[in-house]
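Me: I would like to learn how to read helix packing and a ligand site in a model. Can we take one feature at a time?

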Amino acid sequence: MDTIREPFLAPAPVPHTKPLGIMGFVWTASRNPIEIWGSRAYKEPWLRANWLRVPTVILNDPAAIRHCLVDNARNYVMQPLRQRVLRPMLRDGLLTAEGELWKRTRRALAPVFTPRNIEAMTPVMAARSASFADGLAARTGARTDIAFEMTLLTYDILQATLFSDDITGEPKEFARSMESFLARMGRVDPLDILDAPAFLPRINRMIGLRSTNYFRRLIAGTMERRAALLAERPEAAPADFLTLLLRSEGLSRSEIEDNIITFIGAGHETTARALGWTLYLLSQSPEERRKVEDELDAKLDALPDPAEWLTELPHTRAALEEAMRLYPPAPSLNRTALADDRFGEIDIPAGASLLVLPWLVHRHETHWDRPGHFLPERFMPGKREAIDRFQYMPFGIGPRVCIGSSFAMHEGVIALASLMRHLRFDYVGSAPPYPVQKITVQPRGGLPMRVTRR
Ligand code: HEM
């Protein structure tokens, strides 16, 4: 007899019921901001708070989100806290640029991220993912931290599509300095939350900046060599991001460098988290995992071009999209209002913080049926069209929407398909993984899994 299993309830913090108090708030905000939210935050269309004397408006309502992030987007700038944390490392890169610089950079980068250019990178994504799967296959049966492994895989794909392995200096040294850069990039210091004066030292950031400077020198050297190659033998230059950026118009060398650092900062850990959570959720939902495995068994052999996988593997894609709903790798979009704004009954005074949190919107009780459960079905063709653009936004929305979203979606589906084609991943942690918001939503303690051949 067939039994219908309940869909899997994904682990998440239990919303608190009592106010946190000021010290509790600062402590929670610097330790795990997704624990700040009480149960109202998952029910109300919007909320107002006064955090450290700054009026703060949190939007969950799709129409209000549309108003602030699209229709009246000009009224909102990136929040100073986010800029304080990210700008020392990412400088004039697209993620931290504002005003005219942002406009010029976005215009210059648009031709780099065309569907044609991204599709041309998919064979590299597939080759790197397949050899990574081979490496895991050699270690079957052992307990492996898949959260960490996924950062290695997305690092490998990113450096291959950025530089085609053509890195100045020793590759291990490069990997080490990049690791240190990434480990420190997004750390929010309690001093930042309290808006303490800039002269008070943020130790983490100081160490982080030292490794970023080293890392920048390596990238600058790689760029020099590639520019020389493009001048002498352009036909020999690989079709990667570096070549596309050097051929683009409107960016200086140092701006290209800032954007390469930005792509690494914005595109590496985010994609790794999406992959790790998808493998975890599938491991807890044997029926969903079976649908993906059956799809790969039935279709992959007849799909030699990996650029087609994103559209031709709907179950694999739906699992990835549902995992990014439950664990949005970038869980919060933070803005500051320049002038007074109003939408319906919502007043947003000049200087207020505006927060749109995919974490909340994606788990909101009025937008979703069984919001905490893993139900990839919602994202299958035929159903997916009913999901409002402003209720599901793992890549943000409006003019500052992720420029790498198509790259990330291709990469995510290709990596999952390559890993799950011959392997199976089972979670072996003694307790469910607990989500923690650093800059991404990551599993505390990693994702211990056992990999077997299937
Ligand atoms: C699953 C993977 C990814 C997720 C979930 C993600 C998410 C996001 C989100 C939510 C934003 C908007 C932030 C805001 O409005 O405050 C963003 C912006 C951005 N992302 Fe991604 N991203 C991913 C992968 C990538 C990749 C692979 C790249 C580059 C190769 C990239 C580069 C950027 C850049 C440069 C921006 C800034 C865009 C702008 O401000 O104009 N991202 N991303």
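Reply: Begin with a list of residues in contact, which here means heavy atoms within 4.5 Å. This is a predicted model. In it, I118, E119, M121, T122, M125, A126, S129, A130, F132, A133 and L136 of α5 meet S406, F407, H410, E411, I414, A415, S418 and L419 of α17.

Me: Which classes of residue make up the contact of α5 with α17?

Reply: Sort the residues by side chain. The contact of α5 with α17 has twelve nonpolar, five polar and two charged residues.

Me: At what angle do α5 and α17 pack, and how far apart are their axes?

Reply: An angle compares the N-to-C directions of two axes. For helix α5 (residues 115-137) and α17 the angle is about 30 degrees, and the axes are 8 Å apart. The crossing of α5 and α17 is right-handed.

Me: How does α6 pack against α17?

Reply: Read the angle and the axis distance again. Helix α6 (residues 146-163) packs against helix α17 (residues 405-420) at about 125 degrees, with the axes 12 Å apart. The two helices, α6 and α17, are therefore oblique to each other. Their crossing is right-handed.

Me: Which residues make the contact between α6 and α17?

Reply: From α6 they are M150, L153, T154, I157, L158 and T161, and from α17 they are F407, E411, A415 and L419. By class, seven of the residues in this contact of α6 with α17 are nonpolar, two are polar and one is charged.

Me: Now the ligand. How many residues surround the ligand, and which are the closest?

Reply: A residue belongs to the surroundings if one of its heavy atoms lies within 4 Å. The ligand has 26 residues around it, and the closest are W102, R106, R335, R400 and C402.

Me: How far do polar side-chain atoms of W102, R106 and R400 lie from an oxygen atom of the ligand?

Reply: Take each pair in turn. The distance is 2.8 Å for W102, 2.7 Å for R106 and 2.9 Å for R400.

Me: Which elements give two or more residues to the shell around the ligand?

Reply: They are α4 (99-109), α11 (253-267), α12 (269-283), β6 (333-337) and α17. The most comes from α11, with three residues. By class, the shell has 16 nonpolar, six polar and four charged residues.

Conventions:
Residues numbered from 1 in each chain as written. Predicted model: local features only at pLDDT ≥ 70, side-chain atom pairs only at ≥ 80, totals over all residues. Heavy atoms only, no water. Axes fitted to C-alpha atoms, helices over the stretch in contact; angles between N-to-C directions. Helix = DSSP H or I, 4+ residues; strand = E, 2+ residues; numbered from the N terminus. Parallel < 35°, antiparallel > 145°, perpendicular 65-115°, else oblique. Left-handed = near helix turned anticlockwise from the far one by under 90°. Nonpolar A, V, L, I, M, F, W, Y, C, P; charged D, E, K, R; others polar. Polar contact = N/O pair within 3.5 Å; in protein donor to acceptor, adjacent residues only side chain to side chain.
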